[in-house]
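Here is a friendly walk through a few features of this structure. Please have the sequence and the model open as you read.

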Amino acid sequence: MERALLVTVDLGKREEWTAEERSRELAELARSAGAKVIREEIVKRHSICPATFIGKGKAEELSAFCKAEDIKVVIFNNDLAGTQAKNLADILGVKTIDRTQLILDIFASRAHSNEGKVQVELAQLMYLLPRLTGKGTELSRLGGGIGTRGPGEQKLEVDRRRIRARISRLKDELEGLEKRRDMMRKRRERFDIPMIAITGYTNAGKSTLLNALTGSTVDVKDKLFATLDPTVRRFRMPSGQETLFVDTVGFLTDLPHNLIEAFKATLEEVATADIILHLVDASHPKAIEQAQATVKVLEEIGAGSKPVITVLNKADKVTDPERIARLKGYFGEAVAISALKKEGFDKLIDAILLSKF
Ligand SMILES: Nc1nc2c(ncn2[C@@H]2O[C@H](COP(=O)(O)OP(=O)(O)OP(=O)(O)O)[C@@H](O)[C@H]2O)c(=O)[nH]1
Ligand SMILES: [Mg+2]
């Protein structure tokens, strides 16, 4: 496991997530990428330092810490500009990556299908392109591990012209895959099987719900972004009606835009569904903010006007009896379930039947 130092800059603005909360989530991401978080540093500043982001003095202080603690990677919670990343790596003396690179790295390690791999490589190259300075030697300096993995790992080109050519080839390939998907969708529509998309923040329990309902065996992990490729399974309603449930990639606050763009095809499974189940981890302290981030992504992918059923999952884990009632109050209408204990499914199915049939 790579020993990691996390750095979050606190500009003192009042935001929905405090710097500490954002740092907690970054630590979860880092853990999901296989890092061992040694320290979470919160740097308070009035403004960003254009050259080194956190200021030269602070960077030198952290550099000493990295040496003393054998840190292998420093992960910044904000997106770094190309020059900032370069200057920081020079001072820190270890691999320096930002939140987007960390997320891309997790996606890269989870991509199994051909389509998933193409989408991840596309997102990685789109991230890289505007950041290449000069001849682009940054990649070789990274030296393996977190932040450098990917389907295109061996191929990650450093030449702008070749990257552009590769991006357009990958886009063509995706278009071909999308056409196939379109055909499958049309076939589905002809048979009039309603499609229900399980969506929500990463780790909300989407795959657990799919497995519990349909007896499927999608990988369930207490990790962020365990699922990347969509899985579709049949489910017969008690009324006998056949339905299809789809489990897809989870959402996150400030999901890198390149990633959303590259994953359009996967996310279309959600946008074209008849009903959206919005799974919320009711036991998470930031449940409401996570739900807001999910709604934002749903709007961004054109699923904003679909019928949505809010599902408060992990109700078994909620100890405060008032909490579920409070969350129901916040969301208007919501169904509380435990995907793990298979509780509340009757009410969930009632809600689905009410909204569609
Ligand atoms: N206590 C409790 N834990 C749950 C419940 N549902 C899921 N979990 C746990 O939450 C973690 C994440 O579950 P997943 O089903 O992988 O979540 P997901 O939404 O598919 O996550 P990603 O694919 O990573 O976005 C696992 O450790 C599950 O065992 C629940 O109802 N109660
Ligand atoms: Mg999953």
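Predicted model: local features only at pLDDT ≥ 70, side-chain atom pairs only at ≥ 80, totals over all residues.

Helices (H or I, at least four residues) and strands (E, at least two) are DSSP runs, numbered from the N terminus.

Which residues of α11 and α12 make the contact? From α11 come Ala287, Ile288, Ala291 and Gln292, and from α12 Arg323, Leu327, Tyr330 and Phe331, where contact means heavy atoms within 4.5 Å. By class, the contact has 6 nonpolar, 1 polar and 1 charged residues. Here Ala, Val, Leu, Ile, Met, Phe, Trp, Tyr, Cys and Pro count as nonpolar, Asp, Glu, Lys and Arg as charged, and the others, Gly among them, as polar.

Ser207 sits in helix α8 (residues 206-214), while Thr227 is in the loop between α8 and β6 (231-236), 20 residues apart.

Buried means under 20% relative accessible area, exposed over 50%, and partly exposed in between (1.4 Å probe, protein chains only).

## An enclosed helix

Helix α10 (residues 264-271) is largely enclosed by the rest of the structure, because 6 of its 8 residues are buried. These are Ala265, Thr266, Leu267, Glu269, Val270 and Ala271.

## Two lysines with positive phi

Most residues other than glycine have a negative phi. Lys314, in the loop between β9 (308-313) and α12, has a positive phi of about 60°. Lys314 is buried, with a relative accessible area of 16%.

Lys342 has a positive phi of about 55° and is found in the loop between β10 (335-336) and α13 (345-356). Is Lys342 buried or exposed? Lys342 is exposed, with a relative accessible area of 53%.

## Reading the values

Residues are numbered from 1 along each chain as its sequence is written, and chains are lettered from A and ligands numbered from 1 in the order in which they are written. Local features need pLDDT of at least 70, side-chain atom pairs count only at pLDDT 80 or more, and totals for chains, interfaces and linings use all residues, while side-chain values use heavy atoms, with hydrogens and water left out.
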